[in-house]
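I opened this notebook to keep track of what I looked up, entry by entry.

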Amino acid sequence: MTNLLNNKKILVTGGSGFIGSHLVEKLVSLNAEVSVLIRNSSDLWRLSSVKDKISIYETNFLDPVNLKQTLEKIKPEIIFHTMADIRVKRDPNLLNSMIENNFQTTINLIRNLNKEKLELFINFGTCEEYGDGEVPFKENQKEIPVSPYSLSKTMTTYLSSYLAKIENFPIITVRPFLTYGPKQVNEQLIPFIIRSMIKGEKVNTGKMEQTRDLVHVNDVVSALIKIPGSNIKKGEIINICSGKEIQVKSIVKKICDLTNRPFEEFVETSAPYRIGETMHFYGSNEKAKKLLNWTPQISFDEGLKETVEWYKDYLKFKEMH
């Protein structure tokens with residue numbers, strides 16, 4: 001297969017983050033000329049293996065002058081816009097900061113680009129845009145935002161559609177589903193439970209009858225790198241998901257087994273569900289199969305085992321330093 005990314009000037013915004021860093025490593029292995037655009041406060045530990053093979057630029061995404069100057073240095077041909085504030089709390093007080101950090105920064109980025117050089121802009125939406133809609137989630141169904149985060153992402157999806165249709169801008173939107181794997185250290189379900197079980201901390205998770213669609217970060221990256229060179233039309237939306245639902249209780253039990261913590265001893269189930277909790281949550285990946293010839297290759301059991309092993313090493317390293 002021809003490597004279409006060889007020597008391509010590729011920009012990854014938020015490249016120091018969880019998905020972004022895995023994508024950067026893959027692009028480097030494909031001999032792309034990779035630049036990473038980060039906020040001033042970003043920690044670069046996830047990029048330690050490729051730091052000397054990429055260009056890293058700090059910028060203020062809300063300062064158009066600074067942003068334009070930086071983009072003129074990079075001259076990207078392809079952009080993966082992974083950067084986002086991903087706090088998923090259903091807290092109305094987050095609304096202004098989410099719109100600023102996710103929607104306004106996207107507008108600023110696009111408006112300050114050299115459009116002549118750009119071949120493709122890949123906007124990152126989220127599976128959360130589907131809210132508690134009908135499953136399996138399909139790209140053409142109406143969005144039902146359930147948090148300031150998912151509202152801000154729905155806004156960027158509609159922005160993408162507008163730009164493609166009215167301005168002929170080469171943009172598509174991907175909606176990765178619940179992505180997990182090594183280097184994920186936030187408060188989402190899998191890293192939270194793994195961390196708690198390794199440390200021997202009890203958790204109260206509620207009844208855990210809801211289901212989720214989980215996809216390994218390497219599978220997400222394998223989908224992303226198929227987009228350049230594909231025949232996807234401008235303005236399209238594509239789910240990147242497993243197409244399967246797994247009950248949350250099953251996920252937590254598997255983590256308990258992998259960390260040798262008895263489920264009944266370490267997990268309480270009395271906490272209430274979140275307001276507006278989505279009970280069935282999984283997507284259709286038929287469009288990705290058709291347009292990208294992509295299906296996930298890593299089974300959940302295999303991916304979870306790898307993630308737990310990575311976390312054990314990570315926590316040991318943290319203790320030593």
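Helices here are DSSP runs of H or I with at least four residues, strands are E runs of at least two, and both are numbered from the N terminus. The axes of α3 (residues 95-111) and α4 (residues 148-166) come within 8 Å and cross at roughly 25°; axes are lines fitted to C-alpha atoms over the stretch in contact, with angles from 0 to 180 degrees between N-to-C directions. The two helices are therefore roughly parallel, since angles under 35 degrees count as such, over 145 as roughly antiparallel, 65 to 115 as roughly perpendicular and the rest as oblique.

I noted that the model is predicted, that local features need pLDDT of at least 70 and side-chain atom pairs pLDDT 80 or more, while totals for chains, interfaces and linings use all residues. Residues are numbered from 1 along each chain as its sequence is written, and side-chain values use heavy atoms, without hydrogens or water.

Next I asked which residues of α3 meet α4. Among them are L95, M98, I99, N102 and F103 in α3, which face a set in α4 including P148, Y149, L151 and T156, where contact means heavy atoms within 4.5 Å.

I then followed T156, which lies in α4 and is buried, with a relative accessible area of 1%; buried means under 20%, exposed over 50% and partly exposed in between, with a 1.4 Å probe and protein chains only. Leaving aside neighbours within four places in sequence, T156 is in contact with N102, F103, T106 and N123.

For a second pair I turned to α7 (residues 248-258) and α10 (residues 300-320), whose axes come within 10 Å and cross at roughly 50°. These helices are therefore oblique to each other, and α7 passes α10 in a right-handed crossing. I251, K254, I255 and L258 of α7 make this contact with F300, D301, L304, K305, V308 and K312 of α10.

I also checked α6 (residues 217-224), where six of the eight residues are buried, so this helix is largely enclosed by the rest of the structure.

Finally I recorded that the chain has ten helices and 13 strands, and that buried residues make up 50% of its 321 residues.

How values were computed
A crossing is left-handed if the near helix is turned anticlockwise from the far one by less than a right angle, and right-handed if clockwise.
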